[in-house]
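Take a look at the model below.

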Amino acid sequence: GAIAAMQFAATYPATVTKLISLDIVKPYSVANEKLIYRLRSILSQLDTVISSDPMGISTPMTYEEARNRLIEIYMGSVDEKAAEVLLVRGLKKHTSKELYVFTCDMRAIVQTLVLNEDQIKEIVSNITCPLLIVKAKKGLQNLKPTTLNEYTNVYKKTSADFRLVEVDGTHHVHLTH
């Protein structure tokens, strides 16, 4: 969600008045030398998702099984209470009254936009609205401190009001803390 919001705010800066990013500092990037491997991985993931149900998402299951599956998919980033919140929008009744299926389209989880670091910096430098990044202490650990500093400097230059706040919690901090 935050990556899509950042990309939208950068592409259409006049339409976004404020942006809050939860546990995402920047869109994902790939080193130039790894580009072809990343593209191959994306195509393989798309093929798997389209041709099968690798995560058991469309398999009818009980509510409890669905809740446990969601916790498993998010590898502990959500607890039972947070999973219940996500299930309100992500679960629907199956034709059997006792069973449910997930409503998400698994193709949406495959990261298809592959850009290098310079391209990502160019994109986010177009975010001009006030930007708040809420970074979870136990959230995504995919940034080096130097990269965090680089992007903080970009946002300070381009955003009307940039703030970075670190809080306790996991990537799903908005549900768990």
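## Two crossing helices

Helix α3 (residues 63–73) and helix α4 (residues 80–90) have axes that come within 9 Å and cross at roughly 110°. Axes are lines fitted to C-alpha atoms, for helices over the stretch in contact, with angles from 0 to 180 degrees between N-to-C directions. Helices (H or I, at least four residues) and strands (E, at least two) are DSSP runs, numbered from the N terminus. α3 and α4 are therefore roughly perpendicular to each other (65 to 115 degrees).

In α3, Tyr 63, Ala 66, Arg 67, Leu 70 and Ile 71 meet Glu 80, Ala 83, Glu 84, Leu 86 and Leu 87 of α4; contact means heavy atoms within 4.5 Å. Seven of the residues in this contact are nonpolar, none polar and three charged.

## How the model is read

This is a predicted model: local features need pLDDT of at least 70, and side-chain atom pairs pLDDT 80 or more, while totals for chains, interfaces and linings use all residues. Residues are numbered from 1 along each chain as its sequence is written, and side-chain values use heavy atoms, without hydrogens and water.

## An aromatic pair

The structure holds four aromatic pairs (Phe, Tyr or Trp rings, the six-membered one for Trp, with centres within 6.5 Å). The ring centres of Tyr 63 and Tyr 100 lie 5.7 Å apart with planes at 70°, so this pair is edge-to-face (over 60 degrees). The pair links distant parts of the chain: Tyr 63 sits in helix α3 and Tyr 100 in strand β3 (residues 100–102), 37 residues apart.

Key: Angles under 35 degrees count as roughly parallel, over 145 as roughly antiparallel, 65 to 115 as roughly perpendicular and the rest as oblique. Ala, Val, Leu, Ile, Met, Phe, Trp, Tyr, Cys and Pro count as nonpolar, Asp, Glu, Lys and Arg as charged, and the others, Gly among them, as polar. Rings of Phe, Tyr and Trp (its six-membered ring) pair if their centres lie within 6.5 Å; planes under 30 degrees apart count as stacked, over 60 as edge-to-face and the rest as tilted.
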